[in-house]
Amino acid sequence: MIFISKHIVPRGYTGITIWPFVFLKSKFLKENQVLINHERIHLKQQLELLVIPFYLIYGVEFLVKLIKYKNWHKAYKNISFEKEAYCNEFDLEYLKHRPFWHFLKYL
C-alpha cells in the first residue's frame, strides 16, 4: 500500500518503507517504477526478517557504518539492505528471482 506524506518521509529522501506501507514524499513519485521497485525490495527484506529484526539490524548496521565512515550519507548507502535495493532497483523483475535473504551478499 502506497501513501503520500511529506511529513513521514525524512528530509533528503523520496520514500520510506515501514512494513506493510510505502510512504512517498509526493504524488508524482507513484509513477517512478524504479523507486517503487526499490521500496518493494525493502518490503521483501522486512518480511523475510519478520519486520522488527529488520529494523534492529538496519539500525545497528547504520551505526557501525556511521562510526566507520563518519558520514551519514555514506553510512546509509553502505547498509546491506540499501546496497541490495540500489544495486537491483532497475531490474523490475528482480523480486521474481531474488534468492531468500539475498541482502547477506551485500554485507
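Buried means under 20% relative accessible area, exposed means over 50%, and partly exposed lies in between (1.4 Å probe, protein chains only). The structure is a predicted model, in which local features need pLDDT of at least 70 and side-chain atom pairs count only at pLDDT 80 or more, while totals for chains, interfaces and linings use all residues. Residues are numbered from 1 along each chain as its sequence is written, and side-chain values use heavy atoms, with hydrogens and water left out.

**View 1. The salt bridge between E93 and K96.** E93 and K96 form a salt bridge (a side-chain nitrogen of Lys or Arg within 4 Å of a carboxyl oxygen of Asp or Glu), with their closest N and O atoms 2.9 Å apart. How accessible are the two partners? E93 counts as partly exposed because its relative accessibility is 41%. K96 has a relative accessibility of 69% and therefore counts as exposed. In the whole structure, a search finds three salt bridges.

**View 2. The network of E48, E84 and R98.** Salt bridges link E48, E84 and R98 in a network. In the pair of E48 and R98, the closest N and O atoms are 2.5 Å apart. E48 belongs to helix α1 and R98 to the segment after α5, so this pair ties together parts that are 50 residues apart in sequence. Helices are DSSP runs of H or I with at least four residues, and strands are runs of E with at least two, numbered from the N terminus. The side chains of R98 and E84 also meet in a salt bridge, at 2.5 Å from N to O. With R98 in the segment after α5 and E84 in helix α4, the second pair ties together parts that are 14 residues apart in sequence. E48 and R98 are both buried, and E84 is buried as well.

**View 3. The buried residues of α4.** Six names make up the buried set of α4: S80, F81, E82, E84, A85 and N88. Which elements do the buried residues of α4 pack against? They pack against α1, α2, α3 and α5, with contact meaning heavy atoms within 4.5 Å.

**View 4. K65, a buried lysine without a salt bridge.** K65 is located in helix α2. K65 is buried but has no salt bridge. How far away is the nearest side chain of opposite charge? This side chain belongs to E61 and is 4.2 Å from K65; Lys and Arg count as positive and Asp and Glu as negative, with His and the chain ends not counted. When its neighbours within four places in sequence are left aside, K65 is in contact with K70, A75 and N78.

View 5. Most residues other than glycine have a negative phi, and most peptide bonds are trans. The peptide bond from W19 to P20 is cis, and its omega is near 5°. P20 sits in the loop between β2 and β3 (21-24). V51, which is not a glycine, has a positive phi of about 65°. The loop between α1 and α2 holds V51. Is V51 buried or exposed? V51 counts as buried because its relative accessibility is 17%. W101 also has a positive phi, near 55°, and is found in the segment after α5 (94-97). The relative accessible area of W101 is 35%, so this residue is partly exposed.

**View 6. The largest pocket.** The volume of the largest pocket is about 580 Å³. The residues lining it number 26, and those closest to its centre are Y13, G15, Y58, Y76 and E82. Two or more lining residues come from each of β2 (15-18), α1 (33-48), α2 (52-69), α3 (72-77) and α4 (80-88). The largest share, six residues, belongs to α1. On a 1 Å grid over the protein atoms alone, a pocket is an open set of points where a 1.4 Å probe fits, with protein on both sides within 12 Å along at least five of seven lines; lining residues have an atom within 4 Å of a point. Points are joined across faces, edges and corners, and a volume is the space filled by probe spheres set on them.

**View 7. The second largest pocket.** The second largest pocket holds about 150 Å³ of space. Its lining consists of K30, Q33, I36, N37, R40, L92 and L95. Which element gives the most to this lining? The answer is α1, with four residues.
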